[in-house]
Amino acid sequence: MAYKERHNRFTEWWFQVVSWRERHIKERNFVILLALIVGVICGFAAQLLKFLIHIISRFLTSNLSLTDANWLYLVYPVAGILIVTLFIQFVVKDNISHGVTRVLYAISRRKSRLKKRNMYASLIASSITIGFGGSVGAEGPIVFTGAAIGSNVGQAFRLSPRILMLLVGCGAAAGIAGIFRAPIAGMLFTLEVLMIDFTGATVMPLIISSISGATVAYVLEGYSAEFFFSQSEPFAMGKIPYAIMLGIICGLMSLYFTRAMFMMESMFSKIRHRYLKIALGGVILAGLIFVFPPLYGEGYESINTLLDGDYSKVVDGTFFYVDRDSTWFIAIFIGAVLLTKVFATSATNGAGGVGGTFAPSLFVGALCGFLFAYVLNNMFDGGVGISNKNFCLMGMAGVMSGVMHAPLMAIFLTAEMTGGYDLFLPLLIVSALSYMTIRIFEPYSIYTMRLAKQGDLLTHEKDKSVLTLLKIDNVIEKDFKTVSPKMNLKEVVDIIATSNRNLFPVTDDEGMLVGVVLLDDIRNIMFRPDLYKKMHVTRFMSMPPARIELDQPMEEVMRTFDKTNAWNLPVVDKGKYVGFVSKSKIFNSYRRVLRHYCDD
């Protein structure tokens with residue numbers, strides 16, 4: 001009882017605080033303040049996530065051998081996935097995988113509302129997954145965590161869905177900025193990946209939030225880049241053809257990564273038994289990590305090794321007892337790691353682990369760029385004179401750009417993470433060409449593909465975004481009076497007399513739509529009493545030009561209207577009549593949502 005009284009008093013006090021804010025602080029100014037608060041909180045959350053991953057990983061791997069095979073690689077990843085599965089099943093009790101996709105879905109379909117438990121669930125689950133060796137990244141979970149923090153802060157102050165969307169973007173931007181110490185990339189991530197519009201009302205809160213998150217990281221970790229990179233070889237203009245070749249290769253590698261990821265995801269989705277997923281995913285993941293130790297965790301140590309130039313360290317901990325300084329053995333080993341990373345990542349998430357594809361795309365890109373330069377330099381006598389380190393960096397930007405369909409973010413993130421600003425031109429070339437290459441084959445990013453297929457994706461195109469925000473449930477009209485195929489003309493006329501509609505759905509005894517009766521079609525026989533008993537509905541009903549399914553995306557609904565030139569179309573749920581939807585109703589709703597969506 002005492003707890004309930006305290007809760008009631010707090011609720012009343014908070015209501016007064018919110019009311020005072022609404023009276024005294026303009027919304028635009030208040031959003032700026034909240035962006036700062038969200039940025040700081042998300043910056044600390046990002047640092048906490050990195051700290052937990054480091055502590056767990058350091059504890060488990062500090063005594064592992066660098067020269068011999070480590071059998072514990074067969075145990076750690078499975079144990080981590082099992083712990084996370086139990087945590088989700090008994091504590092979280094919700095699906096928290098695919099964090100970025102869930103943020104996009106919340107923006108599109110849930111009015112940017114995320115649950116309170118999302119502020120901590122992904123953070124805990126991903127730190128265990130990655131710390132125990134799960135071959136995924138922490139960036140997806142921190143985006144989910146940051147977005148949830150922004151959403152719940154906005155909900156606490158009863159802000160509109162439009163402002164909630166902006167705060168979700170602020171949280172995501174601050175999460176990326178905080179974990180990578182990359183404020184520009186954090187803002188660009190929100191604009192390119194979450195597809196929040198770049199307007200006067202959005203840019204300032206996003207900048208403030210990103211800078212706040214990065215500042216927290218700078219204070220706690222120091223003003224150093226995420227990856228150590230020292231450019232010892234300047235990029236010569238004569239090497240541009242090689243940058244062009246790498247850009248196309250990165251685009252194709254991005255396509256391979258994306259397609260393989262969804263193939264594995266589809267395979268795991270068909271397995272209904274939770275512990276069978278753990279067994280299958282665990283076997284794949286543990287086996288791959290045992291054979292290829294660089295697949296353990298995020299893979300950032302391997303990236304640093306390649307950027308540092310000590311390539312032989314990449315094979316540390318493997319059971320391959322060959323000459324580790326062999327040029328072609330290193331090339332073949334890195335190529336195998338490059339191709340199997342996507343399967344290790346898919347197995348981690350498919351088995352029940354929690355992590356993102358952000359770090360895996362960086363990892364694959366680094367290996368792709370390095371391998372490209374390494375092979376060319378050793379294929380010919382004297383080599384071709386391109387820098388392994390520089391192309392490793394360029395590959396990171398290229399694959400990330402292709403996988404995420406975010407070329408600007410990939411360029412600035414790579415530069416901010418490494419300090420490689422002198423490579424801005426080749427980064428731009430590789431990133432742009434990779435993006436252009438994958439767009440030929442795949443119009444959606446790895447994050448948006450799932451939602452695009454369901455019609456739940458917001459884009460920068462206003463028409464598509466507004467139609468996505470519209471729900472068919474909200475435009476269905478149900479005040480149409482139904483008639484039965486067995487009714488005679490007299491009974492239909494009696495129904496018409498009590499209706500203000502000129503359209504009447506015909507349904508059978510089970511409620512299935514079998515046709516429609518149009519008032520214009522029977523107007524010439526309505527006043528002939530001699531036909532009242534002779535004519536039945538089956539004689540004068542007609543079929544509608546098309547039917548709208550209840551779960552059909554609004555964009556498809558509008559295409560159906562355009563094809564049929566109809567003004568009203570029936571809505572059915574697996575053939576059962578639900579109601580009608582009209583163009584006028586959709587247009588009115590469209591204008592209302594458009595005003596709300598575009599209000600700056």
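Helices are DSSP runs of H or I with at least four residues, strands are runs of E with at least two, and both are numbered from the N terminus. The model described here is predicted. In these terms, the chain contains 24 helices and 6 strands. Of its 600 residues, 56% are buried. Among contacts with a separation of 6 or more, 76% join residues 24 or more positions apart.

**Helix α3**

- Lysine 93 follows α3 and has a positive phi, near 55°.

- In the whole structure, 2 cavities of 30 Å³ or more are found.
- The second largest cavity has a volume of about 30 Å³.
- Its lining consists of Ile96, Ser97, His98, Gly99, Ser122, Gly140, Pro141, Val354, Gly355 and Gly356.
- By class, the lining of the second largest cavity holds 3 nonpolar and 7 polar residues, with no charged residues.

- Isoleucine 334 belongs to helix α13, and its relative accessibility of 1% is under the 20% limit, so isoleucine 334 counts as buried.
- Apart from residues up to four places away in sequence, isoleucine 334 touches Leu306, Val314, Leu367, Phe370 and Leu371.
- The C-alpha atoms of isoleucine 334 and valine 364 are 9.9 Å apart in space, with the two residues 30 residues apart in sequence.
- Glycine 133 is located in the loop between α5 and α6 (139-156); with a relative accessible area of 0%, glycine 133 is buried.
- Setting aside neighbours within four places in sequence, glycine 133 contacts Ile289, Leu295, Tyr296 and Gly297.
- Glycine 133 and glycine 299 lie 166 residues apart along the chain, and their C-alpha atoms are separated by 9.6 Å.

**Positive phi in loops**

- Most residues other than glycine have a negative phi.
- Arginine 181 is not a glycine, yet its phi is positive, at about 55°.
- The place of arginine 181 is the loop between α7 (161-180) and α8 (183-192).
- Arginine 181 counts as buried because its relative accessibility is 7%, with the limit for a buried residue set at under 20%.
- Asparagine 565, also a residue other than glycine, has a positive phi near 60°.
- This asparagine 565 occurs in the loop between α23 (554-564) and β5 (568-573).
- Is asparagine 565 buried or exposed? With a relative accessibility of 66%, where exposed means over 50%, asparagine 565 counts as exposed.

Conventions
Residues numbered from 1 in each chain as written. Predicted model: local features only at pLDDT ≥ 70, side-chain atom pairs only at ≥ 80, totals over all residues. Heavy atoms only, no water. 1 Å grid on protein atoms, 1.4 Å probe; cavity = no way out; pocket = protein on both sides within 12 Å on 5 of 7 lines; lining within 4 Å. Points joined across faces, edges and corners; volume = space filled by probe spheres on them. Nonpolar A, V, L, I, M, F, W, Y, C, P; charged D, E, K, R; others polar. Buried < 20%, exposed > 50% of the residue type's maximum accessible area, 1.4 Å probe, protein only. Contact = heavy atoms within 4.5 Å.
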